[in-house]
Amino acid sequence: MAVIRLEGLSLFGHHGANAAEREAGTRLDVDVELELETSAAEQTDRLRHTVNYDEIFALVRDRVENDSFHLLEALAGDLAHVCLTEFGAARVRVRLTKMNLGWPSGGKAIIEVERRRGQSKAPGREGSPRARARSRAAHPRKSARRASRGRKRRR
């Protein structure tokens, strides 16, 4: 096992507990740590036997910049979950740091989430409109049943 870390990713996203905060957006520092089996890569020296850092960065950037969560805890949980599933990690730790809190004393808020393979689905996935759309696309029959139930109730 080895640990791959991406640290200090400075990304801008629209996350916050209230609408004004989501509208304005905020810069977050993101650290991601993946624990992976890398013995094949260590022996072969081939990228195909490990995880490409660029792919981790692209996935994290896409989620932070294009999804919107009310809570950073939900965003961190979503990132951890997707890194577990997309990259086959045994363990993932996500740390989000929000600097511009608007407090006269300065300071920062730090949220850290850790997930292990086989540990529950992503908390808060239902919080993001984009995540809900992905879920509907992945389970079209379930979404169609929900929609038809809604039509029946309106009659």
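The model is a predicted one, in which local features need pLDDT of at least 70 and side-chain atom pairs count only at pLDDT 80 or more, while totals for chains, interfaces and linings use all residues. Residues are numbered from 1 along each chain as its sequence is written, and side-chain values use heavy atoms, with hydrogens and water left out.

Arg63 and Asp67 also form a salt bridge, with their closest N and O atoms 3.6 Å apart; the term requires a side-chain nitrogen of Lys or Arg within 4 Å of a carboxyl oxygen of Asp or Glu. Arg63 has a salt bridge with Asp78 as well, at 2.9 Å from N to O. This second pair links distant parts of the chain, since Arg63 belongs to helix α3 (residues 53–66) and Asp78 to helix α4 (residues 72–87), 15 residues apart. Helices (H or I, at least four residues) and strands (E, at least two) are DSSP runs numbered from the N terminus. Like Arg63, Asp78 is buried.

How do α3 and α4 pack? The two helices meet at an angle of about 145°, and their axes are 11 Å apart. Axes are lines fitted to C-alpha atoms, for helices over the stretch in contact, and angles run from 0 to 180 degrees between N-to-C directions. On the α3 side, the residues making the contact are Glu55, Ile56, Leu59, Val60, Arg63 and Val64. On the α4 side they are Leu75, Asp78, Leu79, Val82, Cys83, Glu86 and Phe87. Contact means heavy atoms within 4.5 Å.

The next element is the sheet. Four strands form an open sheet in the order β1-β2-β3-β4, with antiparallel pairing; two strands pair if DSSP finds at least two bridges between them. Strands β1 (2–13) and β4 stand at the edges with a single partner strand each, so one side of each has no neighbour in the sheet. From one strand to the next, the twist averages 15°. Helix α3 lies across β1 and β2 and runs at about 35° to β1. Helix α4 lies across β2, β3 and β4, running at about 150° to β3.

Strand β3 (residues 91–98) has six of its eight residues buried. Eight bridges connect β3 with β2 (residues 26–36) in the antiparallel sense, and Leu96 of β3 is the bridge partner of Val30. Towards β4 (residues 109–116), β3 again has eight bridges, and these strands run antiparallel. There, Thr97 stands opposite Ile110 in β4.

Arg91 is buried, with a relative accessible area of 7%. Arg91 forms a salt bridge with Glu35, their closest N and O atoms being 3.1 Å apart. The two partners lie 56 residues apart, Arg91 in β3 and Glu35 in β2. The count of salt bridges comes to 12.

Gly25 sits in the loop between α1 (19–24) and β2. Is Gly25 buried or exposed? At 15% relative accessibility, Gly25 counts as buried. Apart from its neighbours within four places in sequence, Gly25 is in contact with Phe12, Gly13 and His14. The C-alpha atoms of Gly25 and Phe12 are 6.8 Å apart, although the two residues are 13 residues apart along the chain.

Technical notes
Buried means under 20% relative accessible area, exposed over 50%, partly exposed in between (1.4 Å probe, protein chains only).
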